[in-house]
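Hi,

Here is the structure I said I would pass on.

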Amino acid sequence: MENENNNSSRRNFLRLGALGGIALAGTAIAKAVTDEAPKETGKKVKVLTADGKLVEVDSSHVEHHAMNDNYTSEEIRQGVKGKKFIRVIDLGKCANERKCIEGCQTAHNYIAPVEYIKVKKMQNSELESPYWFPTMCYHCDNPPCTKVCPVDATFKREDGIVAMDYDRCIGCKFCMAACPYSARTFNFGKPEQLKFTEEHGNDTSDPNHCRTPYAQEGTVAKCDFCTDRSEKGLLPACVVECPNGAILHGDELEDVVTNGEDTFRLKKLLQDRGAYRQFEELGTKPRVYYLPPVARNFPFEDATEAHNTKD
Amino acid sequence: MKNCNWFMVTCFMLLFSMATSFAQDKEAKITLTFEKVDSLNVCKALVVSDGVPVKDVSVKLSVKRLYSNLPVGDAIATDSTGVATFEVPQDIPSRNGKLFIFANISDDEVYMNAEASGEVNWGTVVVSDNSNVKERSISAGRNAAPIYFIVSSLLVIGLVWGFLIYAVLQVFKIKRLGSAN
Amino acid sequence: MSIDKAESVKYETFTQEEYMIMKDDLLRPIEKIGIGAKIWIGFLTAVFLAGVFAYYLQETRGKYVTTGLRDYTTWGVYISNFLFLVALSLSSVFMSAILRLTNFQWYRPLSRIADVISLSSITMAGICIMISMGRADRLHHLFIYGRIQSPIIWDIIVVATYFVACVLVLFIALIPSLSTCKNHLHNLPKWQLKMYDILSFGWEGNAEQWKVLKKTVLILTVLIIPLGIALRTVSAWLFSTTLRPEWDSTNFGAYFVSGSALITVATMVIAVYAFRKIYNLENYLTEMHFDKLGQAMVLMGFIYAYFNINEYLVPAYKMSGLHENHLLDLFVGEEALFYWSVVFFGIAVPSILPLFRKMRKPLPLSIIALAVLIAGWFKFYLIVIPGQAHPLLPIQDVPETWKHYTPSLIELTIVAATIAGTLLLVTVFSKFFPIISVWEVAEGKLEGKEEIINYK
């Protein structure tokens with residue numbers, strides 16, 4: 001009798017879970033569907049739902065703009081229409097678990113010690129406590145890197161993203177010298193990296209896979225806010241991977257940022273929490289804001305392990 | 001006494017499993033109505049199950065955004081008429097002024113999940129300001145270099161190369177002067 | 001200028017005997033190539049070819065394996081060497097054009113040497129830009145997609161322009177000498193004589209030709225000064241247009257110009273010493289020249305010291321958090337020995353030692369100049385490489401090789417090849433063309449400036 005009951009309740013529970021899953025998948029698809037019903041293309045694309053399930057939907061249901069074969073280079077350079085991507089990082093929530101770094105490396109097919117996101121230990125003065133500080137490309141509104149690029153290989157798009165054209169970059173590395181945040185990395189043609197790119201370049205098994213590839217040999221690479229995921233309404237890999245929800249990503253025009261779990265009004269969040277941008281005095285106008293490391297979720301624990309020791 | 005206990009436990013379990021199995025069958029339907037009351041945006045979610053308004057079930061209201069739904073205030077329980085009343089803020093931005101509003105009941109003990117959505121013209125229209133991208137500036141693309149920049153650099157380059165070309169022409173002039181004699 | 005008046009008269013008064021002696025002296029190095037010259041040219045060619053091979057390796061095996069460059073130090077020894085070569089290429093400005101315009105008559109035997117050094121080093125500097133590119137195969141993108149807002153494009157434009165200006169300055173002043181070569185050299189291969197014939201552009205030395213030639217040389221002399229300053233300043237702007245505190249300095253352009261002034265004096269001393277000894281040109285490149293160059297070295301040394309004080313000691317006085325790491329690293333940290341040696345040999349020695357007359361003799365001055373040149377090369381290394389070691393956000397959790405850049409053997413070979421290439425071009429030039437401008441020296445003599453040739 002008891003056993004039976006146990007079984008049935010477990011079955012119930014499973015049924016509940018499945019129902020919930022379907023409901024969530026439904027909302028995810030609904031979210032991806034555009035306002036006007038588009039024509040079915042018959043082409044299926046995989047879409048990741050909010051709870052991490054892969055669902056196949058018709059490609060016409062997915063909003064896509066730039067970074068698509070059907071788009072001219074001109075359109076790619078304009079970016080996703082009507083969006084202005086923005087990011088808020090809650091320093092009180094970062095515990096240097098490095099999940100964002102690893103998720104980004106997998107999503108963009110590159111290997112350590114290269115990191116688009118770097119988590120640094122910062123301490124302003126001895127009396128203050130140290131905190132973890134995730135940095136990445138800030139997609140500045142007054143970008144010092146696009147100023148110096150000799151061939152327009154890095155450029156500011158209308159959706160706020162500072163993008164890279166790996167086919168055009170000549171590898172002069174001036175943008176790397178110009179970036180005060182050291183956000184850019186260079187593909188020096190490390191043999192392991194080249195092999196990895198060859199083997200995993202078209203590997204889409206990673207649910208966070210980003211179609212914007214890793215830079216070609218001899219060109220500059222950097223965080224691109226997972227632009228092709230963003231245009232589908234999917235959060236960038238680092239946001240999805242962060243276990244503490246420290247990275248909030250969103251659209252400035254929608255006035256919303258989210259870490260996948262909680263969603264906040266952007267302006268209110270920035271105003272209420274004393275947000276700041278790194279090196280405001282440089283006038284670069286970053287699109288990444290930081291919430292000061294107050295009201296921390298956990299005490300600061302120093303990293304005992306160095307991760308990128310091997311060249 | 002012991003036996004009695006066992007009997008009681010079994011009875012409760014039976015009752016519980018019956019209740020849960022019945023509960024699953026209960027489906028709630030949400031109907032959204034949008035109205036303006038004293039210039040406030042009021043959204044009412046009527047929860048009905050089997051044609052009967054349901055009270056005391058908490059409903060969440062949210063607005064569709066690119067990545068996720070933005071909750072509108074806290075969850076509100078339906079009143080005796082089965083209606084949960086929300087005030088939607090006036091300042092939610094939207095590209096075309098339309099807002100896609102979701103009302104949902106999630107993980108309720110009785111009604112599980114239910115969802116309804118509707119579109120309403122309550123958004124504040126925002127226009128994407130691309131002035132920093134489109135204007136001619138030093139950080140813009142090659143086609144958007146500042147005019148003064150293009151003019152002055154062409155002027156300097158032209159001047160210098162003018163002299164250099166002049167010098168080359170002088171070499172040929174020297175040759176001409178040589179052969180003339 | 002008074003030269004224009006009665007030009008032909010002056011040249012008629014030039015005695016045939018004097019001219020023949022001078023001509024023989026100056027053409028002798030062209031007539032016969034000694035075994036020493038062959039070994040020297042062979043050696044330079046070998047180094048240059050080694051560099052070509054090293055570059056081939058670099059491009060085929062990938063820069064991760066072949067260079068010491070990593071993400072934080074992305075500009076290495078190629079860029080610092082580029083800055084050095086650009087500094088050398090200002091010889092034409094400081095050792096020829098400015099002296100010519102300001103009527104320092106002792107410039108006359110030096111001008112062509114300076115012009116050749118300029119042309120050779122700007123050629124190699126241009127090659128250095130290509131070597132340092134990640135994708136040299138996309139060089140044409142600079143022309144297809146070039147953005148006028150980028151300092152790299154300014155650099156490409158100014159290097160190309162300066163190169164052309166150098167060619168013209170050198171060549172136009174060479175035309176009368178080519179005619180001399182054509183008329184007086186006989187025991188040479190046919191193609192070489194043909195070359196002199198073609199390049200002398202029908203030069204007969206008539207009054208109109210002289211007039212046009214001098215006018216053109218004057219225009220180019222005036223033009224090359226702002227061009228050279230622009231070249232140097234733009235290459236400084238490659239650094240000062242960034243937001244890195246080590247480079248973010250309004251002083252940078254002037255600082256670089258003053259540095260190259262000193263380096264060109266040192267280069268000139270060494271070149272004059274070498275040509276004087278090897279080609280037996282003691283009658284033309286006299287001790288007076290060393291005396292004057294030694295004085296110039298002191299002047300340039302003090303100017304350079306002045307800019308260095310502005311560049312290093314003023315930020316050090318404030319010692320803001322932005323400069324702290326970098327400056328302490330140079331002054332008392334791991335680069336201290338390196339830095340102070342460069343300051344000592346590159347600034348203190350050239351400013352103080354040539355103050356003494358004995359130090360302005362050929363040999364001591366040449367040794368000083370060599371020290372200045374080597375220190376000058378390392379000075380650019382110190383500007384470029386440790387300048388990248390302290391970005392605004394700290395470097396953390398990276399492999400050891402990312403923090404400390406060490407140039408690889410391949411990089412050093414390529415750098416050696418660019419230096420060898422510069423020397424090779426100068427040497428080969430001096431084997432085909434008179435390294436001292438016959439007519440300019442003669443002109444000086446005619447104007448009664450006896451001291452140029454017979455300085456005791």
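**What I found**

Chain B comes to three helices and eleven strands. Bear in mind as you read that this is a predicted model. If you walk along the sequence of chain B, the order of elements is α-β-β-β-β-β-β-β-β-β-β-β-α-α. Of its 181 residues, 24% count as buried in chain B.

Now for chain C, which has 19 helices and zero strands. Its radius of gyration is 23 Å, close to the 23 Å that the globule rule gives for 456 residues, so chain C is as compact as a globular protein of that length. Buried residues account for 51% of the 456 residues in chain C. As for its contacts between residues at least 6 apart in sequence, 83% of those in chain C join residues at least 24 apart.

What is the angle between the axes of α3 and α18 of chain C where they cross? Helix α3 (residues 35-61) and helix α18 (residues 409-432) of chain C cross at roughly 145 degrees, and their axes come within 7 Å. The crossing of α3(C) and α18(C) is left-handed. Sorted by class, the residues in the contact between these two helices are 19 nonpolar, seven polar and one charged.

Last, the place where chains A and C meet. How many residues does each chain put into that contact? Chain A provides 41 residues and chain C provides 36 residues. On the chain A side, the elements giving two or more residues are β4 (118-122), α4 (144-148), α5 (174-178) and β8 (185-186). Of these, α5(A) gives the most, with four residues. By class, the side of chain A that touches chain C has 21 nonpolar, ten polar and ten charged residues.

That is what I have for now.

Cheers

Conventions
Residues numbered from 1 in each chain as written. Chains lettered and ligands numbered in written order. Predicted model: local features only at pLDDT ≥ 70, side-chain atom pairs only at ≥ 80, totals over all residues. Contact = placed C-beta atoms within 7 Å. Nonpolar A, V, L, I, M, F, W, Y, C, P; charged D, E, K, R; others polar. Axes fitted to C-alpha atoms, helices over the stretch in contact; angles between N-to-C directions. Left-handed = near helix turned anticlockwise from the far one by under 90°. Buried ≥ 20, exposed ≤ 12 C-beta atoms within 10 Å, placed from the backbone. Rg over C-alpha atoms; globule rule 2.2 N^0.38 Å.
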